[in-house]
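Subject: Handing over a structure, with notes on what was found

Dear colleague,

Please find below the structure that I am handing over to you. Have a look at it first, and then read the notes that follow.

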Amino acid sequence: MSQRIQALRGMNDILPEETGWWRRFHDHVQAVMDLYGYREIILPVMEATELFKRSVGEATDIVEKEMFTFLDREKTSMSLRPEGTAVCVRAGIEHGILHNQQQRLWYRGPMFRHERPQAGRYRQFHQIGVEAFGMAGPELDVEVIAMSARILRSLGLLDPAADSGLRLELNSLGTPDTRAEYRAALVAFLQKHEAQLDDDSRRRLSTNPLRVLDSKNPQTQELLAGAPVMADYLDAESRAHFDQVQAALKETGIPFILNPKLVRGLDYYTRTVFEWTTTRLGAQGTVCAGGRYDGLVGQLGGADTPATGFAMGVERIVQLCRAVAIPAGIEENQPPHAYLCWMGEAAYLPAMRLAEELRSTSRIRLLCNAGGGGFKAQLKRADKSGADFALILGEEELNASQCQVKPLRGDGPQQAIALDKIKDYLLEKLGS
Ligand code: HAM
């Protein structure tokens, strides 16, 4: 036997046992997008590397060490997308759909980051994301946060009984100017205590000092208790904006906690940032994250356009649904209603015709036996498929233009039904 080839590290196969949960998630997402008037945009998975450097930021972990970057045959540097916001902005500018317009967009699909794989952290993972352009007011921040809450709520994850541990963390990063001021104050503070910092934070001190606030090191966190706080540096407009976001979240019944250390790992944010986090998923507890990024469109060559959005990690959401045992059943792929067993050459064409006729109702989910086998083996397959009925088409039945209908769940009698009546018979059964 030749050697087997395995999946790449951190790149997962999502098997059919799990895809039902994904489908359920996407059904809820689609419903919420429709409710809020967001339209889907489908974007490439590869882009010019430069795009992410200029948006996510050169000094971020994502760009510095996590991108899958290649030279193509023309020696152009391209990267698998590590996130969707920059791609969406690039597309929006390129197609002229952002300038002087309001756009509410959403996307889904795989993202790629070369991180050290662990539970909840993968090299290929999936996001659904929303991006709204052309609206500067706090109402848009509230809208996208409310959408994220509605998706989580519709999945049952915000139901207190589910005990998902989810909470909404909120912060404001102000404007680039106020952030620069805060950054200087933070650097001055950290430099005074540099000896107490670990290597990682010391490195970040010169490259991306705000990320020191994110440090997982308890000693650093203790030190940060005395550090300057971003909220004290906000300009009056950003402060008013943030107050209004908070007021509307209260008004609409979306609880949140303020986290002045929430800075996000991507450079493009301004003003409101937020994350939905839980302790139920171990170290990778952020299931959704986003915020405002008023400077990014201009930074990527478009006309200045305010924008805000978020992305949810599908793997983490599914994992959380499973961890808190969201009601079983709905999330499974649906079993067929009927399984058609047929045998013998003479039954081939009538079986094919019957199968397609039943499916043409658009209501009867039907598995048709393939790969031969005696009736006993076929009935076994029928049972395993989870179907409610086995339909049996053999020589005897054909001669009588009939089909045997055998209930597989419950104990109704097996019945011979005329071939041209089976459709109605099954539809009536499904209706009841
Ligand atoms: P992000 O925080 O980098 O933000 O990612 C958003 C979400 O994607 C995370 O909260 C997490 O659920 C999931 N995620 C990220 N990395 C991984 C990974 N390695 N494995 C599994 N899941 C992961 C963004 O991507 C921004 N584009 C969000 C945004 C949209 N901001 C404004 N608009």
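Helices (H or I, at least four residues) and strands (E, at least two) are DSSP runs, and they are numbered from the N terminus. Counted in this way, the protein has 15 helices and 16 strands.

Before the details, please keep in mind that this is a predicted model, in which local features need pLDDT of at least 70 and side-chain atom pairs count only at pLDDT 80 or more, whereas totals for chains, interfaces and linings use all residues. Residues are numbered from 1 along each chain as its sequence is written, and side-chain values use heavy atoms, with hydrogens and water left out.

On overall dimensions, the C-alpha atoms fill a box of roughly 90 × 55 × 45 Å along the principal axes. The radius of gyration of the protein is 28 Å, while a compact globule of 432 residues would have one near 22 Å; this radius is taken over C-alpha atoms, and the globule rule is 2.2 Å times the number of residues to the power 0.38.

Now to the sheets, where two strands pair if DSSP finds at least two bridges between them. E8 runs parallel to strand E7 (residues 167–172), to which two bridges join it, and Glu-169 stands opposite Ile-257 in E8.

Another open sheet consists of three strands in the order E2-E4-E3, with antiparallel pairing. Here strand E2 (46–48) and strand E3 (69–71) are at the edges, and because each has a single partner strand, one side of each is left without a neighbour in the sheet. Neighbouring strands of this sheet are turned by 35 degrees against each other on average, direction ignored, where axes are lines fitted to C-alpha atoms (for helices over the stretch in contact) and angles run from 0 to 180 degrees between N-to-C directions.

Three bridges join E2 to strand E4 (residues 77–80); Met-46 stands opposite Leu-80, and the bridge partner of Glu-47 is Ser-79. E3 and E4 also pair over three bridges, in the antiparallel sense, with Phe-70 opposite Met-78. Five residues lie between the strands in the hairpin of E3 and E4, where Lys-75 takes a positive phi near 65 degrees.

What surrounds the ligand? There are 26 residues around it, the closest being Glu-83, Thr-85, Glu-115, Glu-131 and Tyr-269, and a residue counts as near if one of its heavy atoms lies within 4 Å. By class, this shell has 11 nonpolar, eight polar and seven charged residues; Ala, Val, Leu, Ile, Met, Phe, Trp, Tyr, Cys and Pro count as nonpolar, Asp, Glu, Lys and Arg as charged, and the others, Gly among them, as polar. E10 gives the most to the shell, with six residues.

A polar side-chain atom of Tyr-269 lies 2.6 Å from a nitrogen atom of the ligand, and an N or O atom in the side chain of Arg-113 is 2.8 Å from a ligand oxygen atom. The protein covers 96% of the 660 Å² of accessible area that the ligand has on its own, with areas from the Shrake-Rupley method and a 1.4 Å probe.

With best wishes

Note on methods:
Polar contact = N/O pair within 3.5 Å; in protein donor to acceptor, adjacent residues only side chain to side chain.
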